[in-house]
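This report goes through the elements of one protein model and how they pack. The sequence and the coordinates come first.

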Amino acid sequence: MSLIIKPVISEKANYLTDLRGAYSFLVDPRANKIQIKKAIEQAYGVKVADVRTMIYAPKVSSKHTKKGLQVGKTNKLKKAVITLSEGEVIDIFAVN
């Protein structure tokens, strides 16, 4: 089971990387901070200083169709913001 789903590439995530050296990743919602830290260190070969996590609740959406009201929802997401030790860098765009 892979804990790291994908890196978050957005304007805000790139700003945090440039400003603080913090990288954002979507991770498995069942993973804890210790597991996330070990997975990042193994995958990218860097030393992680801090891990902050946030859980996003599923979003409910509804639309009207010919058959009536259709209701659905997205999956729950967990995002981890990783701060690396001084001098460490992750090249997210490099192919592994």
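## Basis and terms

The model is predicted; local features need pLDDT of at least 70, side-chain atom pairs count only at pLDDT 80 or more, and totals for chains, interfaces and linings use all residues. Residues are numbered from 1 along each chain as its sequence is written, and side-chain values use heavy atoms, with hydrogens and water left out.

Helices (H or I, at least four residues) and strands (E, at least two) are DSSP runs, numbered from the N terminus. Buried stands for under 20% relative accessible area, exposed for over 50%, and partly exposed for values in between (1.4 Å probe, protein chains only). Contact stands for heavy atoms within 4.5 Å.

## Strand β6 and its partners

Six of the eight residues of β6 are buried, so this strand is largely enclosed by the rest of the structure. Strand β6 spans residues 77-84. Strands count as paired if DSSP finds at least two bridges between them. β2 and β6 run antiparallel and are joined by six bridges. β3 and β6 also run antiparallel, with eight bridges joining them; methionine 54 has lysine 79 in β6 as its bridge partner.

Serine 24 belongs to strand β2, residues 22-27, and stands opposite valine 81 in β6. With a relative accessible area of 4%, serine 24 is buried. When neighbours within four places in sequence are left aside, the contacts of serine 24 are Pro7, Val8, Ala13, Ala80 and Val81.

## The β4-β5 hairpin

Strand β4 (residues 60-65) pairs with β5 in the antiparallel sense over six bridges. The two strands form a hairpin, with two residues between them. One of the bridges is between serine 62 and valine 71, the latter in β5.

Strand β5, residues 68-73, is hardly covered: among its six residues the count of buried residues is zero.

## Helix α2

Helix α2 runs over residues 33-44, which makes 12 residues. From its first C-alpha to its last it reaches 16 Å, close to the 16 Å expected at 1.5 Å a residue; the expected span is 1.5 Å times one less than the number of residues. At the start of α2, a side-chain oxygen of asparagine 32 comes to within 3.2 Å of the backbone nitrogen of isoleucine 34. Glycine 45 follows α2 and has a positive phi, near 65°.

Ile36, Ala39 and Ile40 are the buried residues of α2. They lie on the same side of α2, because they cover an arc of only 100° around the axis; the arc is that of the directions from the helix axis to the C-beta atoms. These buried residues pack against β1 (4-7), β2, β3 (48-56) and β6. The face of α2 turned away from its buried side carries Ile34, Lys38 and Gln42, which are exposed.

## The nonpolar core

A nonpolar core is a set of buried Ala, Val, Leu, Ile, Met, Phe, Trp, Tyr and Cys residues joined through side-chain atoms within 4.5 Å. The largest such core has 16 residues, and those with the most contacts inside it are Phe25, Ile36, Ile40, Val48, Ile82, Leu84 and Ile90. The elements giving two or more residues to this core are β2, α2, β3 and β6. In soluble globular proteins, nonpolar side chains tend to be buried together.

Leucine 3 is in the segment before β1 and is buried, with a relative accessible area of 14%. Not counting residues up to four places away in sequence, leucine 3 touches Leu26, Val27, Asp28, Ala31, Gln35, Ile36 and Ala39.

Alanine 94 is in the segment after β6 and is partly exposed, with a relative accessible area of 37%. The C-alpha atoms of alanine 94 and asparagine 14 are separated by 15 Å, with the two residues 80 residues apart along the chain.

Tyrosine 15 is located in helix α1, residues 11-20, and is exposed at a relative accessible area of 52%. The C-alpha atoms of tyrosine 15 and glutamine 42, 27 residues apart along the chain, are separated by 25 Å.

Methods: A polar contact is a pair of N or O atoms within 3.5 Å; within protein, one must be able to donate a hydrogen and the other to accept it, and residues adjacent in sequence count only if both atoms are side-chain atoms.
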